[in-house]
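Here is a short report on one protein structure. Keep the sequence and the 3D view open as you read.

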Amino acid sequence: MCTAVHYTLNGQEFRTKFPTAGACLPVKNRHGGADLLPWGRRKHQLGKLPLGGWARLDAIYGGRWDRWRPIPVKLLVSQFMEVDMEGASHWFDVTPGKWIQGLVARWEQERRIYVVTITPEMEDAAYERWPRILSDSR
């Protein structure tokens with residue numbers, strides 16, 4: 001479900017995990033650079049946007065995110081970490097030319113980024129959810 005990421009911003013490398021207070025994700029902006037946005041919302045954080053750091057693709061298509069005025073975005077990360085069904089952590093590279101899809105949710109002045117996730121198609125998959133990875137050819 002993408003619980004941590006690695007990215008480079010302004011020449012500096014960052015690794016951040018969702019549970020970390022103040023965790024942010026780099027979102028590609030219209031000028032080709034990156035803007036950092038808060039990654040989801042935790043129970044102790046004020047706000048109206050949904051708790052958690054992920055948005056299931058089927059829930060987006062089902063309209064459950066519509067009230068948050070969602071905007072699809074590209075997350076500029078080079079690696080992500082998943083935890084398998086047995087609780088082991090694994091890091092995966094994001095292939096050059098591909099990106100993880102994010103969703104910017106908004107409520108008044110509040111804006112947060114959520115990682116879009118899908119259910120793996122293989123019935124014996126080791127992961128419950130997987131980040132939606134796209135490329136320019138899609």
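## Pockets

Strand E3 (24–28), E4, strand E6 (71–75) and strand E9 (98–107) each contribute at least two residues to the lining of the largest pocket. Helices (H or I, at least four residues) and strands (E, at least two) are DSSP runs, numbered from the N terminus. The model is predicted: local features need pLDDT of at least 70, side-chain atom pairs count only at pLDDT 80 or more, and totals for chains, interfaces and linings use all residues. Residues are numbered from 1 along each chain as its sequence is written, and side-chain values use heavy atoms, with hydrogens and water left out.

Which strand gives the most to the lining of the largest pocket? E6 does, with three residues. The lining includes Ile71, Pro72 and Val73, along with Val27, Lys28, Asp35, Leu37, Val104 and Arg106. Asn29, Arg30 and Arg111 also line the largest pocket.

What counts as a pocket here? On a 1 Å grid over the protein atoms alone, a pocket is an open set of points where a 1.4 Å probe fits, with protein on both sides within 12 Å along at least five of seven lines. A cavity is a set of points where the 1.4 Å probe fits but cannot get out. Lining residues have an atom within 4 Å of a point. Grid points are joined across faces, edges and corners, and a volume is the space filled by probe spheres set on the points.

In the lining counts, Ala, Val, Leu, Ile, Met, Phe, Trp, Tyr, Cys and Pro are nonpolar; Asp, Glu, Lys and Arg are charged; the others, Gly among them, are polar.

| Pocket | Volume | Lining residues by class |
|---|---|---|
| Largest pocket | about 270 Å³ | six nonpolar, one polar, five charged |
| Second largest pocket | about 160 Å³ | six nonpolar, three polar, three charged |

Among the residues lining the second largest pocket are Lys28, Lys74, Leu75, Val94, Pro96, Lys98 and Trp99. E6 and E9 are the elements that give two or more residues to this second lining. Lys28 is listed for the largest pocket and for the second largest pocket.

## Aromatic rings and charges

A pair of aromatic rings is described by the distance of the centres and the angle of the planes. Rings of Phe, Tyr and Trp (its six-membered ring) pair if their centres lie within 6.5 Å; planes under 30 degrees apart count as stacked, over 60 as edge-to-face and the rest as tilted. By this rule there are nine aromatic pairs. One of them is stacked: tyrosine 7 with phenylalanine 14, at 5.3 Å centre to centre and 25 degrees between the planes.

Is tyrosine 7 buried or exposed? Tyrosine 7 is buried, because its relative accessibility is 5%. Phenylalanine 14 is partly exposed at 30%. The cut-offs are under 20% relative accessible area for buried, over 50% for exposed, and partly exposed in between (1.4 Å probe, protein chains only).

Ring pairs also join Phe18, Trp39 and Trp54 into a cluster. The charged end of arginine 42 sits over the ring of phenylalanine 18, 4.2 Å from its centre. Likewise, the charged end of arginine 15 sits over the ring of tryptophan 91, at 4.3 Å from its centre. The rule asks for NZ of Lys or CZ of Arg within 6 Å of the ring centre and within 35 degrees of the ring normal.

## Loop residues

Lysine 48 is in the loop between strand E4 (34–38) and strand E5 (54–56). Lysine 48 counts as exposed because its relative accessibility is 56%. Contact means heavy atoms within 4.5 Å. Leaving aside neighbours within four places in sequence, lysine 48 is in contact with Arg41, Trp68, Trp107 and Glu110. Lysine 48 and glutamate 110 are 62 residues apart in sequence, and their C-alpha atoms are 8.0 Å apart.

Glycine 47 lies in the loop between E4 and E5. Glycine 47 is partly exposed, at 39%. Not counting residues up to four places away in sequence, glycine 47 touches Arg41 and Glu110.

Most residues other than glycine have a negative phi. Asparagine 10 has a positive phi of about 55 degrees. Asparagine 10 sits in the loop between strand E1 (4–9) and strand E2 (12–17), and is exposed at 76%. Arginine 69 has a positive phi of about 50 degrees. Arginine 69 lies in the loop between helix H1 (57–61) and E6, and is partly exposed at 41%.
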